[in-house]
Amino acid sequence: MIPAPFDYQRASSVDEAIELLRQHGEDAKLLAGGHSLLPLMKLRLAQPSVLVDIGRIADLSYVSETPADGRVLRIGALTRHHDLATSELVREQVPLLAHVASRIGDPQVRHRGTIGGSVVHGDPASDLPAALLALRATLVVRGPAGERSIPADEFFTGFLETAIAPDEVLTEIRVPAVPGVGWAFEKFNRRAQDWAIVGVAAVMTDGAGGPGVGLVNMGPQPMRAAGVEEALRAGASLGEAAARADEGTDPPTDLNGSAEYRRHLARVLVRRALETASG
Amino acid sequence: MEITLSVNGVERTSDVEPRRLLVHHLRDDLGLTGTNVGCDTSSCGACTVLLDGESVKSCTILAVQADGHEVTTIEGLAGAAGNGETGALHPVQEAFHAQHGLQCGFCTPGMVMAAVSLLDENPHPTEEDVRLGLEGNLCRCTGYQNIVRAVLAAAGEVRA
């Protein structure tokens with residue numbers, strides 16, 4: 001399987017990438033690790049006429065704490081899953097995120113795939129978006145008009161659709177640090193390296209907003225389990241909260257399971273995740 | 001577009017179409033057919049090579065993305081980490097041989113490269129580490145038992 005022909009451009013900086021996107025409009029796609037985009041191009045489900053390779057912008061791959069207050073972890077958009085999974089800082093400050101990154105695909109995928117690429121792909125079956133929703137992360141994007149920050153809650157807008165504009169580049173992911181806070185990730189699949197049939201990321205924060213619970217593959221876009229979070233905030237038991245796991249979801253039916261099966265699975269997995277995270 | 005890759009320690013400059021996949025570049029342009037194309041969908045790992053020392057699926061990388069980087073294929077392994085003699089098998093290759101870690105052999109080049117990368121990152125893996133570390137490589141014959149045994153044996157070898 002071979003992608004359709006395209007023009008290949010390399011950007012050496014974010015500004016250059018934005019300029020190339022501005023020139024080529026919606027026909028252009030950014031290429032980072034390529035592990036979401038290239039499979040689609042090989043299947044010809046995506047046929048961009050211009051690929052802007054941002055994979056060589058070295059200063060977009062980093063993990064650092066905000067200088068002003070160490071409570072927010074700043075992660076460069078080109079940080080690979082492998083780097084996220086093995087970063088001491090991430091493992092200490094946001095262990096859920098490091099763990100989720102270590103469960104994506106397989107080692108080869110994690111050596112190439114980037115957090116930014118996964119996020120802007122907006123796939124409801126991806127693991128990282130659910131974790132970023134649970135953690136109440138913020139996505140920083142830059143475009144011709146400058147920089148703006150988008151809460152994860154407002155970022156995912158539909159199936160493979162996000163709030164990022166065609167001429168914007170995701171540059172940084174900001175994640176509140178939650179050292180010592182209970183967390184869990186449940187990824188249910190039947191074969192090695194598969195996407196989750198259903199996945200759950202939970203973190204038992206007691207600050208603003210309360211515990212966060214994100215769902216994988218429970219609708220057209222990455223989403224949070226709003227009913228569960230509401231129940232937990234109101235002081236419900238873990239079981240009562242988990243019973244609301246499929247509230248507001250719209251899970252798909254496919255070869256791996258029916259929508260009804262996924263709803264059931266979500267309730268079971270949320271309960272397991274909450275018990276682990278509270279344990 | 002002109003690209004230069006260091007392939008198994010040798011600089012190779014070629015003119016490639018941007019859509020050329022690394023695996024096709026290695027096999028069809030450079031004649032290194034040890035790297036196999038299996039599923040073509042980033043699943044099976046038969047096309048695994050090392051890019052700057054780390055395992056990657058060469059069916060899911062454009063050759064132009066590898067421009068300026070180091071690629072190691074199965075052909076570049078022998079003599080590389082053994083006793084230095086040309087043709088001496090790499091400890092992982094030796095272990096696959098000694099432990100009968102293959103049957104038809106189609107997955108083997110990718111499996112060996114994935115194992116080399118795994119042992120580089122984790123020189124003392126448990127059996128569970130090996131199984132998880134080879135998650136990206138499918139084998140239709142062996143049931144994996146002897147492959148896992150081979151990687152654990154190689155770890156002992158690498159240790160010694």
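Okay, some housekeeping. What you see above is a predicted model, where local features need pLDDT of at least 70 and side-chain atom pairs count only at pLDDT 80 or more, while totals for chains, interfaces and linings use all residues. Residues are numbered from 1 along each chain as its sequence is written, chains are lettered from A and ligands numbered from 1 in the order in which they are written, and side-chain values use heavy atoms, with hydrogens and water left out.

Let's begin where the two chains meet. Here, 30 residues of chain A are in contact with 34 residues of chain B, and contact means heavy atoms within 4.5 Å. About 2,500 Å² is buried between chain A and chain B, with 53% of that coming from carbon and sulfur atoms. Buried area, by the way, is the accessible area (1.4 Å probe) that two parts lose on being put together, summed over both. On the chain A side, A:Gln108, A:Arg112 and A:Gln193 lose the most area to chain B, together 23% of what that side buries.

Which parts of chain A supply at least two residues each to the side that touches chain B? They are strand 1 (7–10), helix 2 (37–42), strand 3 (50–53) and helix 6 (107–112). Helix 6 gives the largest share, four residues. Helices (H or I, at least four residues) and strands (E, at least two) are DSSP runs, numbered from the N terminus. By class, this side of chain A has 14 nonpolar, eight polar and eight charged residues. For those classes, Ala, Val, Leu, Ile, Met, Phe, Trp, Tyr, Cys and Pro count as nonpolar, Asp, Glu, Lys and Arg as charged, and the others, Gly among them, as polar.

Now let's go back to salt bridges, because over all chains the structure holds 24. In chain A, A:Arg80 bridges to A:Asp83 at 2.9 Å between the closest N and O atoms. A:Arg80 is buried at 18% relative accessibility, while A:Asp83 is partly exposed at 25%. The cut-offs: buried means under 20% relative accessible area, exposed over 50%, partly exposed in between (1.4 Å probe, protein chains only).

Over in chain B, B:Arg131 and B:Glu127 form a salt bridge, with the closest N and O atoms 3.0 Å apart. Both lie in helix 4 (residues 127–133) of chain B, four residues apart, about one turn of the helix. B:Arg131 is partly exposed at 33%, and B:Glu127 is partly exposed too, at 42%. Back in chain A, salt bridges that share partners join A:Arg136, A:Asp153, A:Arg224 and A:Glu229 into one network. Within that group, the side chains of A:Glu229 and A:Arg224 meet at 2.5 Å, N to O. Are those two buried or exposed? A:Glu229 is buried at 3%, and A:Arg224 is buried at 16%.

Let me also show you A:Glu168, in the loop between strand 9 (161–162) and strand 10 (169–176) of chain A. This residue is buried, at 10% relative accessibility. Its side chain makes a polar contact with the side chain of A:Arg148 at 2.7 Å, and also reaches the backbone nitrogen of A:Ala165 at 2.8 Å. Not counting residues up to four places away in sequence, A:Glu168 touches several others, including A:Leu21, A:Leu30 and A:Val141.

Last stop, chain B as a whole. Its secondary structure comes to five helices and five strands, running β-β-α-β-β-β-α-α-α-α from the N terminus on. The radius of gyration is 15 Å, close to the 15 Å that the globule rule gives for 160 residues, so chain B is as compact as a globular protein of that length. That radius is taken over C-alpha atoms, and the globule rule is 2.2 Å times the number of residues to the power 0.38. Of the 160 residues of chain B, 52% count as buried.

How values were computed
A salt bridge is a side-chain nitrogen of Lys or Arg within 4 Å of a carboxyl oxygen of Asp or Glu. A polar contact is a pair of N or O atoms within 3.5 Å; within protein, one must be able to donate a hydrogen and the other to accept it, and residues adjacent in sequence count only if both atoms are side-chain atoms.
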